[in-house]
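Please keep the sequence and the model in view while reading.

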Amino acid sequence: MGIVVLFSVLIIIRSIKKNKNAKLQQANKNITDKAFAESLEQLGLKKNEIKLEINTSRLSDVWGSGVMAYEYEVDVNHRIIDDEFREELSLRMQEYAKEHGLNRHDDFPVFVVSDLWQEDNILRVDITYAVNEKTVNYLRDIHRVD
């Protein structure tokens, strides 16, 4: 009987923790979504010219629920990547963070464009919101791989 009660308590605690992490992940995703969309618009991509599809499950599933890394797929009608695009996008994202009072964790910028490439008319961008220790450790790991 005692084992059943202990097991039930552990399941409840895990469920509460998982729900709290999911809410935090969603809140940070919303912040990153807004920063990304506004940055694209500042770079000349109007909302009616792109289709913004957001897939966040892959990166957080692989690296852990505390990692605030988001993968975006943007349907664009022309090739937009050049040598300056990643730098400009990063700059616009940092400006957004500053304007909205978003704080960074450790020595990383608030938003890091951790990957960016274009396949045909699909622009793929991984953006990391460096808001906690798990996310900063993720960034350190991917920087070592590069």
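The protein chain exposes about 9,300 Å², of which carbon and sulfur atoms supply 53%; accessible areas come from the Shrake-Rupley method with a 1.4 Å probe, and for residues only the protein chains shown count as cover. The model is predicted: local features need pLDDT of at least 70 and side-chain atom pairs pLDDT 80 or more, whereas totals for chains, interfaces and linings use all residues. Residues are numbered from 1 along each chain as its sequence is written, and side-chain values use heavy atoms, without hydrogens and water.

Of the 146 residues of the protein chain, 36% are buried (under 20% relative accessible area; exposed is over 50%, and partly exposed lies in between, with a 1.4 Å probe and protein chains only). Four helices and four strands make up the secondary structure, in the order α-β-α-β-α-β-β-α from the N terminus. These elements are DSSP runs numbered from the N terminus: helices are H or I with at least four residues, strands E with at least two.

Helix H3 covers residues 85-99. Its buried residues are Phe85, Leu89, Met93, Tyr96 and Ala97. They lie on the same side of H3, because they cover an arc of only 110° around the axis, taken from the directions from the helix axis to the C-beta atoms. On the other side of H3, Glu87, Lys98 and Glu99 are exposed.

Thr32 belongs to helix H1 (residues 2-42). Thr32 counts as buried because its relative accessibility is 0%. Leaving aside neighbours within four places in sequence, Thr32 is in contact (heavy atoms within 4.5 Å) with Tyr70, Tyr72, Phe111, Ile127 and Tyr129.

Definitions and conventions. Expected span 1.5 Å × (residues − 1).
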